[in-house]
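Here's a quick briefing to go with the chain on your screen. Have a look at the picture, then read on.

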Amino acid sequence: MSGENSINQVIACDCLKLSEVNKLAGSVQLAVCDPPFNIKFKYDNYGDNLPRDEYIEMLHRWLEAAYGILSEDGTLWVNINDLSAAEIKIAAESVGFHLRRWCLWKFTFGQNQRNNFTNSHTHLFYFVKDKKKFTFNADDPACRVPSARQVIYGDKRANPKGKLPDDVWEFPRICGTFKERNKSQHGCQIPEALLARIIRVCSNPTDTVADLFCGTGSTLVVAKKLGRNYLGCDISPVYVSEAKKRIESVAVGDKILGE
C-alpha cells in the first residue's frame, strides 16, 4: 500500500494495522468511525463479545491508529453506545485528541423495552487533534438548519442562513423496510444525511475521509457523493466487496439519501 494508491480505496484489513503504514501518516483530514459496541452483534467474521478489559484495550489501539493517519488539523467523529461512551472519551483524550462537542444521535424506531425506557440514542463524539487548527465550515448553507426564530416566530432579526445544529441530532434509524436500507449481510447502517452533516462541516472537497470500520461503506459512499476522497478498511472481505460495489454505483454530486 503506497501513499498515492491508498486514496479512494477500500482495504480488507484490521484497522489496527493502518498506523503501521508510514505513507498513510498525516494523509487523512477526517475520520468517521462506528466501532463494534461489544454487545454480541452478529458480524461476518468478528466476535463482538470481547472480555471487557480486552475491549477497552482495543479502543485505545484503534484510536491510536486513527490519530496516526490524521493530518495535524484532522478531525475524528465516533459513534458509540452508552456502555462505552465514557471509556471512548477517556481513551481518545489519553491518545492526544481534544473533545470539541459530545453530541447525541436521537433516532425514532428505538428498540422497544418491556421493563425499561426505550433506548433511542447513541453518542457522537467530535474530537480534533489541534484545539485551534481544524476545519469547521460554519457558513456553508448546507451545514445550517432553520432556527426557531425563522420557522416559529417569523422574527425578522433571524439570520436568513439559519443556525448551526444543536448537539442533539434527530435522524431516523435505518430500518429494514426503508428504501435507504442496504440489502447486505451487515446489519448496522448510519443514515446518509447524518454522515453528510459531519463530512460537510468537518472537511473540504478533495480532502480524504476515512472509516476504520467501514462495513459496507456508507461513510465512503457519502464522501464520494460530496466530492471527497475516501479510504476505508474492514476486517471482513465480504463487507469490503459490498462496499466497493456501493461506491462504484454512485457519482460525485449524487443526491444524499434521506435529505
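Let's start with Thr208, which is buried in this predicted model. Its relative accessible area is 5%, and buried means under 20%, so Thr208 falls on the buried side of the cut-off. You'll find Thr208 in strand β7, which covers residues 208–211.

**Who touches Thr208**
- Skipping the neighbours within four places in sequence, Thr208 has contacts that include Ser27, Val28, Gln29 and Leu30.
- Ile7 is also in contact with Thr208, and so are Asn229, Tyr230 and Leu231.

**Two residues with a positive phi**
- Thr206 sits in the loop between α4 (192–202) and β7.
- Thr206 isn't a glycine, yet its phi is positive, at about 75 degrees.
- With a relative accessible area of 61%, Thr206 is exposed.
- Asn8 isn't a glycine either, and its phi is about 60 degrees, again positive.
- Look for Asn8 in the segment before β1 (9–12).
- Asn8 counts as partly exposed, with 34% relative accessibility.

**The chain as a whole**
- Count them up and you get six helices and eight strands.
- Starting at the N terminus, the order goes β-β-α-β-α-β-β-α-β-α-β-α-β-α.
- The chain has 259 residues, and 46% of them are buried.
- Take the contacts with a separation of 6 or more: 69% of these are between residues 24 or more positions apart.
- The accessible surface of the chain is about 13,400 Å², and carbon and sulfur atoms account for 50% of that.

Methods:
Residues numbered from 1 in each chain as written. Predicted model: local features only at pLDDT ≥ 70, side-chain atom pairs only at ≥ 80, totals over all residues. Heavy atoms only, no water. Helix = DSSP H or I, 4+ residues; strand = E, 2+ residues; numbered from the N terminus. Buried < 20%, exposed > 50% of the residue type's maximum accessible area, 1.4 Å probe, protein only. Contact = heavy atoms within 4.5 Å. Areas by Shrake-Rupley, 256 points an atom, 1.4 Å probe, with all protein chains shown as cover.
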